[in-house]
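Look at how the chains are placed relative to one another, then at the contacts between and within them.

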Number of protein chains: 2
Amino acid sequence: MTKIPNRIYLTEDEMPTRYYNLRADMTDKPAPLLNPATGQPVSLDDLKPIFCEALARQELDDDTPYVDIPEPIRDFYKKYRPSPLCRAYSLEKYLDTPAKIYYKFEGNNTSGSHKLNSAVAQVYYAKEEGISHLTTETGAGQWGTALAEACAHFGIDLSVYMVKCSYEQKPFRKAIMETFNSRVIPSPSETTAVGRQILADHPGTTGSLGCAIAEAVEEATSSNNSRYVLGSVLNQVVLHQSIIGLECEKAFAKIDDYPDTVIGCAGGGSNLGGLIAPFMRDKLQGKYNPDILAVEPASCPSMTRGKYAYDFCDTGEITPLAKMYTLGAGYIPAASHAGGLRFHGMSPIVSKLYDDGFLRAKSYKQTDIFEAAVLFARLETILPAPESAHAIKGAIDEALACKESGEAKTILFGLTGTGYFDMTAYAAYTNQTMTDYLPTDAELAEALDRLPVVPGQD
Amino acid sequence: MTKIPNRIYLTEDEMPTRYYNLRADMTDKPAPLLNPATGQPVSLDDLKPIFCEALARQELDDDTPYVDIPEPIRDFYKKYRPSPLCRAYSLEKYLDTPAKIYYKFEGNNTSGSHKLNSAVAQVYYAKEEGISHLTTETGAGQWGTALAEACAHFGIDLSVYMVKCSYEQKPFRKAIMETFNSRVIPSPSETTAVGRQILADHPGTTGSLGCAIAEAVEEATSSNNSRYVLGSVLNQVVLHQSIIGLECEKAFAKIDDYPDTVIGCAGGGSNLGGLIAPFMRDKLQGKYNPDILAVEPASCPSMTRGKYAYDFCDTGEITPLAKMYTLGAGYIPAASHAGGLRFHGMSPIVSKLYDDGFLRAKSYKQTDIFEAAVLFARLETILPAPESAHAIKGAIDEALACKESGEAKTILFGLTGTGYFDMTAYAAYTNQTMTDYLPTDAELAEALDRLPVVPGQD
C-alpha cells in the first residue's frame, strides 16, 4: 500500500464550491432565535438593521442544504486554502497507538486561525449590498485580525471595539489590525453613547465583551451603510465554516478513508460546527456513524455543566435570545489562556445536536491541555493555539484508548490555529506558574438562576 | 489556457531528494576560508573541533554537484514542506503590470522562516556522529527557534546564547525556544570564561552577536560530544537552502514556465543562495540567462557599498577569515527592524558570483520596504517579515519596470518568513515614527580601514 502523505492538499479544482447547511438535515431543528422584547421568533426585518440581508437570510434558513460560494469568496479562499489535512505520524509513533491521527490545520494564514473563513464571507456579502463600513468587537484579537484582513482586501472600513484590558495587554494584536487599515478602539470608549454611559457609571473600568458588543452594535446601527458582524455562535458562521469539514471529506476520499472519530474544540461552536458538518450529515442521514466529540475548557464548561435554555448571547443583554447550552450570560469565566473558548454559551445548532445525543462533550483543565500542546509542538513542529490544544488533548486520549483496545481507528481533529500570540501562556506553563480554575457548583448555579424568563421554559 | 493556481504545491513524491551545490558549477571558485593564525586555507582538521565532520566536509567541498538528502531529513521536511510557490494575482492587478509575479513562501512553519531547512540538516548530521549537545547564538531569534524545533525532534540538547538586549526585549522568542526544550542564556553570561571576562571588563553591557558567538563556540569546544552550529553565511547552509530553489524549479516546470528575474533578500546570503541555486546553475551552464537580484538594507549595504576582501565572520574575530563583500567585522549596523539582514558580510559564494557579474544588488531604506510590506499584506493576506519585504520591494519595482516597457516577464521572489514577531516595527511604521539611517561614506571607510591584514590582499 502506498504511504499516506504527511500533508494532503486538494487542488484548487477540488475545492468545495458550496457551503453545507447542517440544519437542512436535522429532523428536529434548532429552536428559533427570539426577540427579547416580544418573546416571538425574530424575523428577517428584525435582523436587517444589524446584519446585511444575505447574512440575515442565511441566519434564518433552516432548510437549504447547499449554498453556492460566490466566486470572489472562492478567489480569496485560494489565497490561503485549501488547508492541509495532516497525518500526525510522529505523534502516533510516540503514543505507540494503532490509531491513525489526522488533523486539519487552519493556522497557515496571517490571521492565525479558521476565523478568516467566515470573515471573508461576511465582508463580501456586506460589500455586495453597498455596505461601506463594518463594526465588530474582539477579545483576544483573532477575530478582529481576520476581519481586518478581509476588509482590507475588499476595501471596506472597519471599526473594532477591543476590550480595554486586551487592548492594553496585547499591543501586537492592535498593531496587526492597524496594519490592515482598521480602526481599533479600546472599549468602553467616548465614541458611543453606551460607552460614555459606562465610563460615567464605572470610571476606570477595563471593559468587557458585552460592553464592546454594545458599542459595536450602536455604531453599526447609527448609519444605513454600516452593519455589525460576529465571528462565532451564529448559524451563518457555522455555515461558512463548513468549508473546513467539506475539505476534510474530500481529502479523506482521496486517501480512501473516513474518520471514525471527529474531535473539535468548542467555544462558540463555529469551528466545531464547521469541522463536523459533512460527517454529522452522514450520521443524520444514517450513512455512517462517526463518533463526534466536542472538547471545552473545564473553566468554561457550557456543554458539560451548563443548561439547555434560552439566553442572551452577550453579557450586555442586547442580542436576540438563543436556545443553547449556557452557563448564563452573566457568568464570567475565569481568565484562562484559551480566550477564544471563554464564551458562556454554545452555537444553537451544536447545542441541539448535543441535546439530541448526536455528539459527546468533555472538558479538560488548562494545565493538561498545555501538556498536550507542548508534546504536539515538539513532535509535529507546529505550535498550537491554546484553543486548538483542547482538540489535541481529546485526540491523544482517544488514541491511547485505541492502544488499550487494539482498535486502528481513524481519528480526525481540528487544529484551528497557531499560538504565536500566546507565548505568555506557554511561558507560564514551562515556568510552572500556570494554574487551573474549576468553577464550583454554587457559582454555576448562581449565574443560571439569572437566565431570562421566556414563556414555556423552566 | 488553464489558469495558473494561486498556490502550486509539489507532491511528496516530487520533492527534491538531493541538495545542489552551486560551487560545483562555478569555474572560478569562491576563495578558501583562511585560518587567521596561519593565513593558510583551513583544513578539515581545523574545522572538526567546531563542526561535526559531515558538515565540515560539506563546508570545504567545492566539487560535488549533488548531495543526497538523508531520509530522516526528508521525513522532517515533509512535516512542513514542500512550501508553496504562490502567484501574486492581487498584487499584479493592483500594479497593473503585464509581469507575472510569483513568490516562494517559506513562512508556513512554526519557526516562521526558511531557517528550519538548514537547522534540520545540521542537527541530523550531528546526531549521526553521536553529538548529544549543540550550541549556537541568536540575535532576533529566528535561527534559535528553528534550531530548537529541530533539536526537539531529534532529541539533542541545545544551548542558545541570545544577545542580552534581545533576550530582554523579546521574551516571546525566549519562551518559544524554551517550549521546544532549549536552554536560552542571555549573553554575556557567567557560563563561559569569555562571558565572565566581558562582564568583568564591561559591567552592564547588553551584549553583541560577536560576544554570543564567542560564548557558544567556547561551550561547544569544551566537550567532545558538543558542536557549534550557525544559521547563515556558511557554504553548508547555502547547500541546505538549495531545497528552496530546487522546489521552485520543479514547480515552474509543472506550469511550463521559467523565471526571467529571481529576487532574494540578502543578509548573510543563505536564503538568497538557496533560492537562486538552480537558476544560477542554468546561467553558469549557459542554458538560460535569468536576471538575478539581491536586495539588501540601505543601513547595512555590504554588497552595494562594501569591499570584496578577507574578513572575520564575527565581531569577536575568532572565526576563520572569509573572502566576501564586507563592511568590516567592526561595523555595527544601525538598529533596524530587519534584524536578520544586520550582518556586516555576505556569503562567500554569493560574494564571488556578485564580483564576477552573475548577479545584481540594490538596497532600499526601511520606510520604503515597510510601505511595500503593508501593501503586500493587504493585497496578498500574508504579513511578511521585514527581511522578506526587501525582496517584495525589489519585485514591485521590477514589475513596475515591466509596466513601463510592456514586457510580460516572469518574476520570482523569495518570501522568507512572516512578521508575527515584528509587530513593534509595523506599529512604528503605521504610527509614522519609523526612521531611516544611511551610513555616511566616512563611517563605512572607518570600519573598512580595520580589515585584517592578509598576505596578497590590498
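Predicted model: local features only at pLDDT ≥ 70, side-chain atom pairs only at ≥ 80, totals over all residues.

Begin with the relation between the chains. The same surface serves both copies, since 100% of the contact residues of chain B recur in chain A.

Next comes the interface itself. Here 39 residues of chain B are in contact with 39 residues of chain A. Between chain B and chain A an area of about 3,800 Å² is buried, and carbon and sulfur atoms give 53% of that area. Of what chain B buries against chain A, 19% is supplied by B:K79, B:R378 and B:Y420, more than by any other three residues.

The polar side of this interface can be counted too. There are 14 residue pairs in polar contact across the interface of chain B and chain A, both residues being at pLDDT 80 or more. On the side of chain B that touches chain A, the residues divide into 19 nonpolar, 12 polar and 8 charged. Helix 6 (142-154), helix 8 (171-179), helix 15 (366-380) and helix 17 (423-430) of chain B each supply at least two residues of that side. The salt bridges between chain B and chain A number 2. One of them joins B:E380 to A:K79, with the closest N and O atoms 3.3 Å apart.

B:R281 and B:D282 meet through their side chains in a salt bridge of 3.1 Å, N to O.

In helix 16 (residues 386-405) of chain B, B:K393 and B:D397 lie 4 residues apart, about one turn of the helix. Their side chains meet in a salt bridge at 3.5 Å, N to O. B:K393 counts as buried at 16% relative accessibility, whereas B:D397 is partly exposed, with a relative accessible area of 22%.

A further salt bridge links B:R450 with B:E446, the closest N and O atoms being 3.2 Å apart. B:R450 is partly exposed, with a relative accessible area of 46%, and B:E446 is partly exposed at 45%. In chain A, salt bridges that share partners join A:D45, A:K48, A:E53 and A:R57 into one network.

Definitions and conventions: Residues numbered from 1 in each chain as written. Chains lettered and ligands numbered in written order. Heavy atoms only, no water. Contact = heavy atoms within 4.5 Å. Buried area = accessible area lost by both parts, 1.4 Å probe. Salt bridge = Lys/Arg side-chain N within 4 Å of Asp/Glu carboxyl O. Polar contact = N/O pair within 3.5 Å; in protein donor to acceptor, adjacent residues only side chain to side chain. Nonpolar A, V, L, I, M, F, W, Y, C, P; charged D, E, K, R; others polar. Buried < 20%, exposed > 50% of the residue type's maximum accessible area, 1.4 Å probe, protein only.
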